[in-house]
Amino acid sequence: MIREAPARHLWRPYTQMRRAPPPLEAVATRGTRIVLADGRELVDGIASWWTAVHGYNHPHIAQAVTDQLARMPHVMFGGLTHQPAERLAARLAALLPGDLDHVFLSDSGSVAVEVALKMAAQMWINRGVSGRTRVLAFRGGYHGDTMGAMSVCDPEEGMHRRFGAYLPDQLFCDLPRSAAETTALDATLAAHRQTLAAVIVEPLVQGAGGMRMHPPEVLATVARLARHHGLPLIADEIFTGFGRTGSLFACEQAGVVPDILCLSKALTGGTMALAATVARGEVFEAFWSEDPAAALMHGPTFMANPLACAAANASLDLFETEPRLAQARVIALRLADGLESLRRVSGVADVRTLGAIGAVQFSRPPDLAVLKSRLLDRGVWVRPFGDIVYLTPALTIADGDLDRLTDAVVAVVTDLGSSAA
């Protein structure tokens, strides 16, 4: 039910607390549905911010976490190790392309990006190169909410633009979708290569920046130019990793092996907080030294949490034993078909799909409160933002529930378009 008043002591994310409507109270999850306190079941259209790729309460993950809880819920990772983390790191290294073999485990996507930025900067310091402190990022991008991660988000249109005075000064370019943009990126890298530590990109989809999609050729161009100018490439696959774009990792579609790759969100199947920053051998070798000062000086208290590692290993089991990528391909077809009619609706600027991602962009930002309310009335949980409404369901979603999601979006957007005409 909608609570009479917001919980007095909770400060909620991305919310103006004074004017926001009270949140809905969730009491349980089942498959791809969220159960509310008033008994309603909502079809989850965004898999809890893109995490629950196997749906909720998968028995295999639940059993793995239960077993690990009985053995050892947590132990510090400084000076100690444990089998769940060792196994997870080895499995990720085997799954990722190329020689992405060195896995640093943390506890959130933003921290995974912070670690990647720190790796890139300290790599140059350890090599005896000074002045390489900046990162080239792309307009429209989003990489997290902590200070370093915010500094490589879109500086003008992104949600963190108010923090500009507090953030490290970075460089920004447009993604190279055209010959002119490719030339501009090449020239910028050439002009600033002596001050740059790395290039960071979201492969194939700029997620929280607006579900902006680009073809594999664009990613390949970014990788080629970064390599040409001797700069490590950081691939932020926090959103795109683990089947969301139709391949296990988005980079695979461009044949790109980044120097550093960030993972989180679906890493544990949406069960526990965990993230990974994975580096190639060339990056890791810069830290391989007799000098204690050359060590990577980062160590979150709950890094490599055994419970989370157990959940992640169980999630990887499911990718091995259940047809997740085939399911993503089916979802891609059904999203494209289900949303197609919106291309002809007044007020819709674009409809785009990739893998298990569908996005509808409006010509101008809609009234988000009205949009959310009408979608909720149709029994679906969808969180539009900015000028888009999007669907990123669990890869296990049943056809009927997926149809319910697309039908709800089509009906509500069409109705809004008719009202505005």
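## Salt bridges across the chain

A salt bridge here is a side-chain nitrogen of Lys or Arg within 4 Å of a carboxyl oxygen of Asp or Glu. By that definition, the structure holds 21 salt bridges. Please keep in mind that this is a predicted model, in which local features need pLDDT of at least 70 and side-chain atom pairs count only at pLDDT 80 or more, while totals for chains, interfaces and linings use all residues. Residues are numbered from 1 along each chain as its sequence is written, and side-chain values use heavy atoms, with hydrogens and water left out.

Let's begin with Asp401 and Arg33, a salt-bridged pair whose closest N and O atoms are 2.7 Å apart. This pair links distant parts of the chain, as Asp401 belongs to helix H12 (residues 399-420) and Arg33 to strand S2 (residues 33-36), 368 residues apart. Helices (H or I, at least four residues) and strands (E, at least two) are DSSP runs, numbered from the N terminus. Asp401 is buried, with a relative accessible area of 10%, while Arg33 counts as partly exposed at 23%. For these words, buried means under 20% relative accessible area, exposed means over 50%, and partly exposed lies in between (1.4 Å probe, protein chains only).

Glu322 and Arg324 form another salt bridge, with 2.3 Å between the closest N and O atoms. Glu322 is partly exposed, at a relative accessible area of 27%, whereas Arg324 is buried, at 2%.

Asp350 and Arg352 are also joined by a salt bridge, and their closest N and O atoms are 2.9 Å apart. Here Asp350 counts as partly exposed at 28% relative accessibility, and Arg352 is buried with a relative accessible area of 12%. Elsewhere, salt bridges that share partners join Asp99, Arg127, Arg227, Asp259, Arg280 and Glu282 into one network.

## The S13-S14-S16 sheet

Strands S13, S14 and S16 form an open sheet in that order, with antiparallel pairing. Strand S13 (348-354) and strand S16 (388-391) stand at the edges with a single partner strand each, so one side of each has no neighbour in the sheet. From one strand to the next, the twist averages 10 degrees. Two strands count as paired if DSSP finds at least two bridges between them.

Strand S14 (residues 357-362) is joined to S16 by four bridges, and the two run antiparallel. Within this pairing you can find Ala359 opposite Tyr390 in S16. Helix H10 (residues 324-339) lies across S13, S14 and S16 and runs at about 25 degrees to S14. For such angles, axes are lines fitted to C-alpha atoms, for helices over the stretch in contact (heavy atoms within 4.5 Å), and the angles run from 0 to 180 degrees between N-to-C directions.

## Strand S11 and its partners

Four bridges join S11 to S12, which run antiparallel.

Ile260 shows up in both pairings. Ile234 stands opposite Ile260, and Ile260 in turn stands opposite Ala279 in S12.

## Loops and surface

Lys265 sits in the loop between strand S11 (260-263) and strand S12 (275-280). Its phi is near 40 degrees, a positive value in a residue other than glycine, and Lys265 is partly exposed at a relative accessible area of 25%. Asn57, which is not a glycine either, has a positive phi of about 60 degrees. Asn57 is found in the loop between helix H1 (47-50) and helix H2 (59-71), and is exposed with a relative accessible area of 51%.

Tyr14, Trp49 and Met159 make a nonpolar surface patch of about 340 Å². Patches are made of residues with over 30% relative accessible area and no salt bridge, where like charges are joined within 9 Å and nonpolar side chains (Val, Leu, Ile, Met, Phe, Trp, Tyr) within 5 Å. The accessible areas come from the Shrake-Rupley method with a 1.4 Å probe, and for residues only the protein chains shown count as cover. Met159 lies in the loop between helix H5 (147-151) and strand S6 (171-173), and counts as partly exposed at 42% relative accessibility.
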